[in-house]
Amino acid sequence: MNLAEFSIDKVVIIDDAFISRDTALNNVTDEIINYLREYEVEFDDYKSNYPEAALKDFFESIEMEDAEIEFILEATKMNYSYFTEVLDDERSVEWYLPNEFLEKINSSYSYSDEMSILFVVDKRLEGTKERYYDKLKEVLQSISKMLEGKDNRYLFIYTSQIEKFKNYSDVNTYLEKLNLDKDTADNLALHLNFVEKNVELEEGKINTAVLKSQKANLLSKFNTIQRNTMHSILPKVWEVNNNELLLHYNYLSEGQHIDEILYSIYKNKFENVYLDEIKSTEHNIIASLRKFIHKHIENTADIETYNLQARIIKELNHSINKPEDLHQVYRSDDISYGDLIQVGSKLYMVCSQNCDITVRANGKRVDSEFLLLEIKETNTQINSKEISRILETILNYSFRNHNKKTTFLNELLILSEFKQLINNEAILAELNDYVNTKKENQENYKFSCTDFLAEKKGYSYKSKTIYNKIPTFVLDSLLLESDDGIKVDKDVINNNQHIRYAMKKAINNGFEDFKKKFDKWNVDIDIGKFLGELLFEGLEIIDAVDENRELKSLEFKRIRRIGRIKQDEAQAIHQAYVENLTRIAVNSSPII
């Protein structure tokens, strides 16, 4: 894609190497002197004698011909000839010395909001390290203001000294060296691209730099969407405050607390504002982003290999960076599908569907028991052994020929994206050794590298286990947990101000039903232990009865809610159980 396809109207170039006949000798930098190297001695002498003179005075003193002068003046722009070649109108390229640019911007000059602009900035402005940092800071501050809130402005730094950034933190560290304020640094961070000055500019390098800026523009648009979401939602919240019935049905009958309802309102509003806002950016961001990826893929020689590499990078990135499967919950949150319950030393996941276990306004629900499925905790280190397992799992479906698979893997191991993702020399070395081990020896290969990229705790179905049932009252009582444990009596239930009103009715009803059953179990045994085992294996109950053996309170022991497994992971565990449960035994008869 060329600049026109990115819809760029103007390129603004800031470099201290640009000169004219009127440039003062004191403003001539070392980079410019390189263009005068044949006259370096004469230049130094003349500058010493006439420090206030201009270049035209020096040219006249050595009787330089006009053709040579013009050649030198144009030579300072040669690094940027790409732009004059691809843009038809010479007026589409503007050339500035740093001070000229700052003077123009500070004089209240502004570009049209509709104009799409690519800013190209030389990294070393005005010689010494201290001065170039100061001047670069001023220039970037001015450009940052023109980038903010615009989706048609782009930036890259053109330099012979490329900064090597391994991560976003490195970018921020670099910007901190320039002493930029936090807002400016945040605004520039994703735009910051370095293009090497010693290498000829060409379409691919420009495309990559502009695409990064486009992504930054799209992400910065989210800030606008966030502001507009809040601007839009505040009047609605005022309406809610004056019409509580808008919220109370979900509170009473859908199992949601007020904070969860407001968060749902916010998410829905953000999505609606996003869809409205993004339509207005289609010409400047969406269209060119989609056009670029199409062009990039279209020019890929071996699309099957490229797609396989992309899948591997995606799967490994997910394995390395995926967050924990478990979410924290408030004590007062209703029991829900995916909740992780520990009873004794065993772990269980709630498998009942929310529509059947949600407590409605009358304190009732469809089910009287929760379905619990025993599961197990897993711990996985993302090390060379695990990475090789992931690679083999993906590639075994794509390669039947071992030699072809080995060739593919060797190419993958030197791929810059793969090396950047792994970012561990020891792991890369062991993967290389494994890949190039003979096929017959790979199965028994001994991985010895102790390094790992991440350690992930998760949960999975424990084979051959089945549903366990537990009365809803028992798990509902977990919502009453305090620092003193899980105690259930009339006062504890009625004094709790955090659980939902409908849930309070459900626990009260459950406690009353339990007391009625307790009267029938009035036998001369350790009633607490008996009840615990009766209700659920591993559960312990401490009961408090009066002199008439009437149950006054219960205290549940060896049971707790740990958190809530993310829905997609909970569904995968549940699906594994269903598949195990629905196995079909096949016993085929001889065919005669």
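Modeller: In helix α6, which spans residues 98-106, the buried positions are Pro98, Phe101, Leu102 and Ile105. Viewed down the axis of α6, these buried residues fall within an arc of 95°, so they line one face of the helix. The arc is taken over the directions from the helix axis to the C-beta atoms. Buried denotes a relative accessible area under 20%, exposed over 50%, and partly exposed the range in between, with a 1.4 Å probe and protein chains only. Helices (H or I, at least four residues) and strands (E, at least two) are DSSP runs numbered from the N terminus.

The model is predicted: local features require pLDDT of at least 70, side-chain atom pairs count only at pLDDT 80 or more, and totals for chains, interfaces and linings use all residues. Residues are numbered from 1 along each chain as its sequence is written, and side-chain values use heavy atoms, with hydrogens and water left out.

A further buried position is Ile335, with a relative accessible area of 4%. Ile335 lies in the loop between β6 (326-327) and β7 (339-343). Leaving aside residues up to four places away in sequence, Ile335 touches Val350, Ile357, Phe370, Leu475, Asp476, Leu479 and Arg561, where contact means heavy atoms within 4.5 Å. From C-alpha to C-alpha, Ile335 is 8.8 Å from Asn354, and the two are 19 residues apart in sequence.

Turning to the sheet, three strands form an open arrangement in the order β12-β14-β13, with antiparallel pairing. The edges are held by β12 (486-488) and β13 (540-545), each with a single partner strand, so one side of each has no neighbour in the sheet. On average, neighbouring strands of this sheet are turned by 20° against each other, direction ignored. Strands pair if DSSP finds at least two bridges between them.

Three bridges link β12 to β14 (residues 551-557) in the antiparallel sense; within β14, Phe556 is the bridge partner of Ile486, and Glu555 stands opposite Lys487.

Helix α23 (residues 501-520) lies across β12, β13 and β14, running at about 105° to β14. Axes here are lines fitted to C-alpha atoms, for helices over the stretch in contact, and angles run from 0 to 180 degrees between N-to-C directions.
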